Structure formats: structure tokens, C-alpha cells
Amino acid sequence: MKSQKLPTLEDVDKGKVSLDEYEAAHGEDIPEWTDKDFARARRMREVFPEIVDAFDRLRGQRGPQKKPTKERVGLRLDHEVVEHFRATGPGWQSRINEVLVNHLKGGTR
């Protein structure tokens, strides 16, 4: 019994077989959904809620705010102030906030 050679993507490029024929030969053919299929379908959250929750967390969704939220403002600062804090790496805006909070509490001026 001779085994049948599967078509390659090169065969598709050369027009020897269609992409549909290539996919079917490789077991990648997915039939079009019918109304019956859609009627049986369930939302992923119903089947795998823990997976959906994990995806939500990966997309940056957080839990409830632990501290009061900060207010977004536009603020113009001297260039040397911005460069100094930027040079300290990520989180430099939060460090500016820390300096200002310390100043309000009577820290360094």
C-alpha cells in the first residue's frame, strides 16, 4: 500500500492545490458552523471561568483600589527636575509624588 504524499504550502503557492484542500489534507479543515452549532454553544466563562479570570488579569485588570486614587493633573516642571527623576528609572513620577508628600509632612524643603 502506497502512502499518499500530503500537499505542501509550496503546492498551494504554485496553484497545484487550494488552501482549503491543503488544510483538509492536513486535518485542519473546520466545517462552517450551523444554526444548531450556535444554539449549543456556551460562553467560555460558563465552561472555564478560572481561565477567563486569568486572561483578564493578564490584560492588566486589577482588583479593587487599596488606597485612595490619585488625581491626574497637568504639571509643568523645570527641565532639570524632570531629567533628574527620569534618570532614576521607571516609577520616576511616583518618586516626584513621594518628595511632594514628604514636603507636606514637614520633610526636606
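Arginine 42 and glutamate 46 pair up through their side chains, forming a salt bridge with 3.7 Å from N to O. Keep in mind that this is a predicted model. Arginine 42 sits out in the open, counting as exposed at 56% relative accessibility, and glutamate 46 counts as exposed too, at 51%.

**The chain overall**

- If you trace the chain, you'll come across 7 helices and 0 strands.
- Written out in sequence order, the pattern is simply α-α-α-α-α-α-α.
- The chain has 109 residues, and 9% of them count as buried.
- Take the contacts in the chain with a separation of 6 or more: residues 24 or more positions apart account for 6% of them.

**More salt bridges**

- Side chains of opposite charge can pair when their charged atoms come close.
- Arginine 40 does this with aspartate 37, and the closest N and O atoms in their salt bridge are 2.8 Å apart.
- How are arginine 40 and aspartate 37 placed in helix α3? They are 3 residues apart in that helix (residues 35-40), so about one helical turn separates them.
- Arginine 40 is exposed, with a relative accessible area of 55%.
- Over in helix α6 (residues 79-86), glutamate 83 and arginine 86 are also 3 residues apart, which means that about one helical turn lies between them.
- Glutamate 83 and arginine 86 form a salt bridge as well, with their closest N and O atoms 3.6 Å apart.
- Glutamate 83 counts as partly exposed, at 37% relative accessibility.
- Arginine 86 is partly exposed too, with a relative accessible area of 46%.

**Aspartate 11, a buried charge**

- You'll find aspartate 11 in helix α1, which covers residues 9-13.
- Is aspartate 11 buried or exposed? Aspartate 11 is buried, yet it has no salt bridge.
- What does the side chain of aspartate 11 reach? It gets to the backbone nitrogen of threonine 8, at 2.9 Å.
- Setting aside neighbours within four places in sequence, aspartate 11 is in contact with Leu6, Lys16 and Val17.

**The largest pocket**

- Rolling a probe the size of a water molecule over the atoms shows where empty space is left.
- The largest pocket has a volume of about 510 Å³.
- Its lining is made up of 13 residues, and those closest to the centre of the pocket are Glu71, Val73, Leu75, Gln93 and Asn97.
- Which helix gives the largest share of the lining? That's helix α7 (residues 92-104), with 6 residues.

How values were computed
Residues are numbered from 1 along each chain as its sequence is written. This is a predicted model: local features need pLDDT of at least 70, side-chain atom pairs count only at pLDDT 80 or more; totals for chains, interfaces and linings use all residues. Side-chain values use heavy atoms; hydrogens and water are left out. Helices (H or I, at least four residues) and strands (E, at least two) are DSSP runs, numbered from the N terminus. Buried means under 20% relative accessible area, exposed over 50%, partly exposed in between (1.4 Å probe, protein chains only). Lys and Arg count as positive and Asp and Glu as negative; His and the chain ends are not counted. A salt bridge is a side-chain nitrogen of Lys or Arg within 4 Å of a carboxyl oxygen of Asp or Glu. A polar contact is a pair of N or O atoms within 3.5 Å; within protein, one must be able to donate a hydrogen and the other to accept it, and residues adjacent in sequence count only if both atoms are side-chain atoms. Contact means heavy atoms within 4.5 Å. On a 1 Å grid over the protein atoms alone, a cavity is a set of points where a 1.4 Å probe fits but cannot get out, and a pocket is an open set with protein on both sides within 12 Å along at least five of seven lines; lining residues have an atom within 4 Å of a point. Grid points are joined across faces, edges and corners, and a volume is the space filled by probe spheres set on the points.
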